[in-house]
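User: I'd like to go through this model with you and ask what stands behind each label. Shall we take a look?

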Amino acid sequence: MASSEIKSGVLVSLQDLHQSSPFFRQGSSLRVIGKLHEYSLQTGLAIIIDGSCTLKVNTEHLRDLTFLVGSVYQFIGELLIQPDNEGVLQARVGRNVDGIDLNLYHQSLLLLRQFQANN
């Protein structure tokens, strides 16, 4: 019987998602955060940004989530690498996290990685 275990999403920043990154792999389970830049109700595609980095997020499986351009969202899902080497996150969880301090979030992510590297 094949395992259908759902993996937890590894915390990554959008800056971590580049082609040479160990996180940029087909099927990687990731947790990302970013400001909603664009959203298409017809396609279910959202584009989130963090600084100068962007990521497309497929939201077709999310229900009961209202998308507002300019709001901050966190998504958990699997990364799908397209033939043109563009990554699209297939979101299975999404939530609005307006009010989060993104600078503090990035600092805590750095501290978490330092802790994990030392243990």
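User: How much space lies in the largest pocket?

Analyst: About 210 Å³. This is a predicted model, in which local features need pLDDT of at least 70 and side-chain atom pairs count only at pLDDT 80 or more, while totals for chains, interfaces and linings use all residues. Residues are numbered from 1 along each chain as its sequence is written, and side-chain values use heavy atoms, without hydrogens and water.

User: Which residues lie nearest the centre of the largest pocket?

Analyst: Leu17, Thr54, Leu55, Glu86 and Gly87, out of 15 lining residues. Strand E4 (residues 53-58) gives the most to that lining, with 4 residues.

User: Why is the pair of Tyr39 and Phe67 called stacked?

Analyst: Rings of Phe, Tyr and Trp (its six-membered ring) pair if their centres lie within 6.5 Å, and planes under 30 degrees apart count as stacked, over 60 as edge-to-face and the rest as tilted. The centres of Tyr39 and Phe67 are 4.3 Å apart and their planes are at 25°, so this pair is stacked. Tyr39 is in strand E2 (residues 29-39) and Phe67 in the loop between E4 and E5, 28 residues apart.

User: What makes Phe67 buried or exposed?

Analyst: Buried means under 20% relative accessible area, exposed over 50%, and partly exposed in between (1.4 Å probe, protein chains only). Phe67 has 15%, so Phe67 counts as buried, whereas Tyr39, at 28%, counts as partly exposed.

User: And why is the pair of Tyr73 and Phe75 called stacked?

Analyst: Their ring centres are 6.1 Å apart and the planes are at 20°, so the pair is stacked. Tyr73 is buried at 0%, and Phe75 is buried at 0%.

Definitions and conventions
On a 1 Å grid over the protein atoms alone, a cavity is a set of points where a 1.4 Å probe fits but cannot get out, and a pocket is an open set with protein on both sides within 12 Å along at least five of seven lines; lining residues have an atom within 4 Å of a point. Grid points are joined across faces, edges and corners, and a volume is the space filled by probe spheres set on the points. Helices (H or I, at least four residues) and strands (E, at least two) are DSSP runs, numbered from the N terminus.
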